Amino acid sequence: MSRLNVAGFAEKVGLRLLEGETVYGSREAGVIRVRLEVPGEAFIVHSREGALIASSPEIVGRELDSLSMSPSRLVAGYLKQLEQRSLPVVFVHVLRGSQGYRLDVALQEFGFDLKKQFLRVAYAGGAGEKHADAQPHVVNAQVSELSGGEKTLVVADTIATGRTLIQALSLTLDVAEFQGAQLERAVIYGFISEQGARAVGEFLEKRGVAPFFFAIQDYAALASNNYDMPLYGPDIGPAGVDAGKTIAGVTTPEAFKAMALEYFPGMDQPGDWSERQCLLFNGFGYERGRIGEHLGRSLKSLKELRGAVLKASWYEGWLEEVYEKRKKGLERAMEVDACTPEEG
């Protein structure tokens with residue numbers, strides 16, 4: 001990293017670097033508590049694997065499944081360390097992308113007893129970026145028995161504005177209250193924007209639930225389209241890339257150092273998270289993720305972003321190397337089937 005002054009570049013692009021407290025693992029791969037102005041407690045889950053997933057949209061399919069286990073195991077290990085007594089876990093899968101985070105698998109590895117719930121939230125009038133003005137509603141719910149005293153609520157989800165998750169949590173908490181379950185703590189894990197964490201945290205506190213946020217690598221900036229979640233880079237509005245406005249999120253020096261030479265500015269870190277996966281449970285059965293579509297959109301976005309930021313005051317020569325790395329990675333990924341098991 002001798003080529004790059006991490007702190008100096010972060011200041012140029014407005015990225016806030018927080019010195020946190022490592023509560024599990026190490027500074028190279030661990031759970032770091034940070035002081036963030038959101039309700040509840042905020043943590044950043046930093047690992048080499050998490051940095052690659054957040055920076056490399058070409059990581060899909062079986063490789064994504066494998067790498068996702070590293071940050072999820074860090075969270076599971078910290079929660080196991082934190083538990084004075086082992087509480088049953090109400091694990092809410094927000095369909096279709098939740099299972100790709102692999103947190104349920106990691107929790108089971110660490111001996112947690114999971115009661116899994118499946119909810120799917122849709123937006124009347126559009127999906128993806130088009131749902132900004134639409135209203136979310138639960139279209140499918142498979143909620144099992146929740147009674148039996150105190151439990152920990154856990155969710156793995158991508159949180160941009162937080163509207164989808166709030167809708168899912170609202171139904172879950174209503175059912176839990178009706179059935180007599182006590183959900184006093186909520187663990188929220190995944191790619192999370194700072195704005196989304198604030199909205200979800202405020203909702204949970206109003207319902208009497210203490211929020212604990214675990215963000216992969218950073219609390220992302222949220223673009224004006226209320227969809228893209230970059231680490232830093234040009235804003236993206238309904239009309240496209242706004243090269244004149246730079247937005248940035250919040251992370252730690254260690255996490256940024258791991259991402260700086262891999263991440264191209266403006267790229268949506270989770271990408272089309274659902275479509276990066278081989279198989280997706282939709283509430284009724286499994287369907288294939290549209291990996292090719294994700295890769296194609298990511299390549300198009302990468303090229304558009306480069307064209308928009310080439311003349312930015314903060315754009316430096318080494319970012320051209322990052323661009324070429326991501327471009328070649330996406331082109332290679334488009335030539336192979338990421339879901340076919342390797343022979344031997």
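Helix 3, which comprises residues 61-82, contains 22 residues and spans 32 Å from its first C-alpha to its last, close to the 32 Å expected at 1.5 Å a residue, the expected span being 1.5 Å times one less than the number of residues. Helices (H or I, at least four residues) and strands (E, at least two) are DSSP runs, numbered from the N terminus. The structure is a predicted model, in which local features need pLDDT of at least 70 and side-chain atom pairs count only at pLDDT 80 or more, whereas totals for chains, interfaces and linings use all residues. Residues are numbered from 1 along each chain as its sequence is written, and side-chain values use heavy atoms, with hydrogens and water left out.

Helix 3 carries a kink of about 30° at Ser70, shortly before the proline Pro71; the bend at a residue is the angle between axes fitted to the seven residues ending there and the seven starting there. Helix 2 (residues 48-55) packs with helix 3 at an angle of about 130°, their axes being 7 Å apart, where axes are lines fitted to C-alpha atoms, for helices over the stretch in contact, and angles run from 0 to 180 degrees between N-to-C directions. The contact involves Glu49, Gly50 and Ile53 of helix 2 and Leu64, Leu67, Ser68, Ser70 and Pro71 of helix 3, contact meaning heavy atoms within 4.5 Å. The crossing of helix 2 and helix 3 is left-handed, a term applied if the near helix is turned anticlockwise from the far one by less than a right angle, with right-handed used if it is turned clockwise.

Helix 2 is largely enclosed by the rest of the structure, because six of its eight residues are buried; buried means under 20% relative accessible area, exposed over 50%, and partly exposed in between (1.4 Å probe, protein chains only). The buried residues of helix 2 are Glu49, Gly50, Ala51, Ile53, Ala54 and Ser55, and their cover includes helix 3, strand 9 (181-193), strand 10 (210-220), helix 7 (253-259) and helix 9 (318-333).

Two further helix pairs were examined. The axes of helix 8 (residues 291-309) and helix 9 come within 10 Å and cross at roughly 160°, and these helices are therefore roughly antiparallel to each other. Helix 8 passes helix 9 in a left-handed crossing, in which Leu295, Ser298, Leu299, Leu302, Lys303 and Arg306 of helix 8 meet Glu320, Tyr323, Arg326, Lys327, Leu330, Glu331 and Ala333 of helix 9. Helix 5 (residues 163-179) and helix 6 (residues 194-206) pack at an angle of about 15° with their axes 10 Å apart, and are therefore roughly parallel to each other. The crossing of helix 5 and helix 6 is right-handed, and Leu165, Ile166, Leu169, Ser170 and Leu173 of helix 5 meet Ala199, Val200, Phe203 and Leu204 of helix 6.

Leu153 lies in strand 8 (residues 149-156) and, at 0% relative accessibility, counts as buried. When neighbours within four places in sequence are left aside, Leu153 is in contact with Val90, Val92, Leu169, Thr172, Leu173, Arg185, Ala186 and Val187. Ala338, found in the segment after helix 9, also counts as buried, at 16% relative accessibility. With the same exclusion of neighbours within four places, Ala338 is in contact with Val60, Gly61, Arg62, Cys278 and Ile291. Ala338 and Gly240 are 98 residues apart in sequence, and their C-alpha atoms are 30 Å apart in space.

Several backbone features were also noted. A cis peptide bond, with omega about 20°, joins Leu95 and Arg96, and Arg96 is placed in the loop between strand 5 (89-95) and helix 4 (103-109). Arg102, placed in the loop between strand 5 and helix 4, has a positive phi of about 65° although it is not a glycine, and is partly exposed, with a relative accessible area of 25%. Gln217 likewise has a positive phi, of about 70°, although it is not a glycine; Gln217 is placed in strand 10 and is buried, with a relative accessible area of 0%.

Notes: Parallel < 35°, antiparallel > 145°, perpendicular 65-115°, else oblique.
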